[in-house]
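Dear colleague,

Please find below the structure that I am handing over to you. My findings follow directly after it.

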Amino acid sequence: MLSLLPANDLSICGMLHSVDQYLNIKLTNISVTDPEKYPHMLSVKNCLIQGSVVPYMQLPADEIHKQLLQDAARKEPLPQKQ
């Protein structure tokens with residue numbers, strides 16, 4: 001599960017489906033943490049959130065593949081074209 005807090009104080013939890021190069025986030029099986037404040041979101045099950053409106057994202061520590069993350073950070077940059 002992933003927790004997001006977009007810029008309008010709406011807090012959403014859901015399963016991370018994908019993230020694109022612009023950090024747009026696709027979530028499935030979402031739930032709103034304050035359904036009384038946002039009742040119109042109760043019927044929404046999947047959503048695409050524009051990356052520029054998400055100032056905060058929380059991933060559960062036990063679901064992060066640390067070795068894969070470290071390996072990705074170690075990749076050498078591609079040679080620059082001149």
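Of the 82 residues in this predicted model, 23% are buried, a term that stands for under 20% relative accessible area, whereas exposed stands for over 50% and partly exposed for the range in between (1.4 Å probe, protein chains only). The protein exposes about 6600 Å², and carbon and sulfur atoms supply 56% of that area; accessible areas come from the Shrake-Rupley method with a 1.4 Å probe, and for residues only the protein chains shown count as cover.

Helices (H or I, at least four residues) and strands (E, at least two) are DSSP runs, numbered from the N terminus.

Leu10 lies in the loop between strand S1 (2-5) and strand S2 (12-19). Leu10 counts as buried because its relative accessibility is 8%.

Among contacts (heavy atoms within 4.5 Å) with a separation of 6 or more, 37% join residues 24 or more positions apart.

Cys13 is buried because its relative accessibility is 16%, and Cys47 is buried with a relative accessible area of 16%. The whole structure contains zero disulfides, a disulfide being a pair of cysteine sulfur atoms within 2.5 Å.

Residues are numbered from 1 along each chain as its sequence is written, and side-chain values use heavy atoms, with hydrogens and water left out. As the model is predicted, local features need pLDDT of at least 70 and side-chain atom pairs count only at pLDDT 80 or more, while totals for chains, interfaces and linings use all residues.

With kind regards
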